[in-house]
Amino acid sequence: METVARSNNLKYECLLFDMDDTLYPLSSGVNLACRKNIEEYMLHHLNIEESEVPKMCLDLYREYGTTMAGLKELGYEFDNDKFHEYVHGRLPYEVLKPDPLLRNLLLSMLQRKIIFTNGDKAHAIRVLSKLGLGDCFEGIICFETLNPSLEDNATILCKPSLKAMEAAIQIANLDPNRTIFFDDSARNIASGKQAGLHTVVVGSSTLVGGADHALRSIHNIREALPHIWEEEGDLKQQIIQSNAAELTIVQA
């Protein structure tokens, strides 16, 4: 991976970003479309009673982090790739537009920047491409990264489990004390804090449990978190190599 010039004196070394409903707003409708596709998959491919699908979908999401993880825990058998293709392959990606303001903000940050999503790799790359942010991140921690050799019906590792947080920290070789984690989910924020990360809840101006900061919009980073750009001590520049060799390289 290419070397990147960074300051040796920045307070934080890495910025870890959730993607969906964090880098773009919930109001885009992508989340709603995703849930609709999951419900249709449950109905047509798993033959779950139609009247039970909506509540079951939401309950499993709340208990296991993703509905997919919950379905596996209940013993439903299906191919992971085909599930992701059905759920994400039919999303209205066209509603996502390039975000030059966010792009400029990200490029102005000298820290390592990594995506941490429960979604699959293809979905993550497509979203970043639509937003025009593919080259703003050195890598992606995603479903495949957290579950590299998942056997049929094995437990899926995903946020908000503490194990998933700790796995992401290990995969990306992070120092939690020098890493800021951005996410729209209060549960993910709580487990991120438990793992030792500095935390920022996005999409709300109200702090949630475990959050150090709250951002109504991801575009408010500079105003709310100016210390991301602050140096500690004398300014010294060095060239350092990325430590994320095991990450999915962004090719959006």
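Leucine 91 touches Val30, Ala33, Cys34, Asn37 and His123, leaving aside residues up to four places away in sequence. The model is predicted. Leucine 91 is found in the loop between H4 and helix H5 (100-108). Its relative accessibility is 6%, so leucine 91 counts as buried. Glycine 29 is 62 residues from leucine 91 along the chain, and the two C-alpha atoms are separated by 9.5 Å.

**The chain as a whole**

The secondary structure comes to 10 helices and 8 strands. The chain has 252 residues, of which 48% count as buried. Among contacts with a separation of 6 or more, 68% come from residues 24 or more positions apart.

**The sheet**

An open sheet is formed by 6 strands, in the order E4-E3-E2-E5-E6-E7. The pairing is parallel. Which strands stand at the edges? They are E4 (139-141) and E7 (213-215). Each has a single partner strand, so one side of each is left without a neighbour in the sheet. From one strand to the next, the twist averages 25°. Strands of a sheet pair through backbone hydrogen bonds.

Strand E2 (residues 14-17) is joined to strand E3 (residues 112-116) by 4 bridges, and the two run parallel. Cysteine 14 has arginine 112 in E3 as its bridge partner. Helix H9 (residues 186-194) packs on the sheet. H9 touches strand E5 (179-183) and strand E6 (198-202). The direction of H9 makes about 175° with that of E6.

E5, H9 and E6 make a β-α-β unit, and it is right-handed. E5 and E6 pair in the parallel sense over 4 bridges. E6 is mostly covered, with 4 of its 5 residues buried. On to the next strand: E6 and E7 run parallel and are joined by 3 bridges. Valine 200 stands opposite histidine 213 in E7.

**Aromatic pairs**

How many aromatic pairs does a search of the whole structure find? There are 7. A pair of aromatic rings is described by the distance of the centres and the angle of the planes. Two of the pairs are set out below.

| Aromatic pair | Geometry | Centre to centre | Between the planes |
|---|---|---|---|
| Tyrosine 41 and phenylalanine 83 | edge-to-face | 5.0 Å | 80° |
| Phenylalanine 116 and phenylalanine 181 | tilted | 6.2 Å | 45° |

Tyrosine 41 and phenylalanine 83 link distant parts of the chain, 42 residues apart. Tyrosine 41 lies in helix H1 (residues 30-44), and phenylalanine 83 lies in helix H4 (residues 80-89). The cut-off for buried is under 20% relative accessible area. Tyr41 and Phe83 belong to one aromatic cluster with Phe78 and Tyr86. Phe78 carries a further feature. The charged end of lysine 72 sits over the ring of phenylalanine 78, 4.2 Å from its centre.

Phenylalanine 116 is in strand E3 and phenylalanine 181 is in strand E5, so the pair ties together parts that are 65 residues apart in sequence. Phenylalanine 116 and phenylalanine 181 are buried. Phenylalanine 116 also has a charge over its ring: the charged end of lysine 159, 4.8 Å from the ring centre.

**Backbone exceptions**

The peptide bond from lysine 159 to proline 160 is cis, with omega near 10°. Proline 160 lies in the loop between helix H7 (143-146) and helix H8 (162-171).

Which phi values are positive in residues that are not glycine? Aspartate 21 has a phi of about 65°, and asparagine 173 has a phi of about 55°. Aspartate 21 is found in the loop between E2 and H1. With a relative accessible area of 11%, aspartate 21 is buried. Asparagine 173 has its place in the loop between H8 and E5. With a relative accessible area of 48%, asparagine 173 is partly exposed.

Key: Residues numbered from 1 in each chain as written. Predicted model: local features only at pLDDT ≥ 70, side-chain atom pairs only at ≥ 80, totals over all residues. Heavy atoms only, no water. Pairing = 2+ DSSP bridges. Axes fitted to C-alpha atoms, helices over the stretch in contact; angles between N-to-C directions. Contact = heavy atoms within 4.5 Å. Phe/Tyr/Trp six-rings, centres within 6.5 Å; stacked < 30°, edge-to-face > 60°. Buried < 20%, exposed > 50% of the residue type's maximum accessible area, 1.4 Å probe, protein only. Lys NZ or Arg CZ within 6 Å of the ring centre and 35° of its normal. Right-handed = clockwise from strand over helix to strand, strands pointing away.
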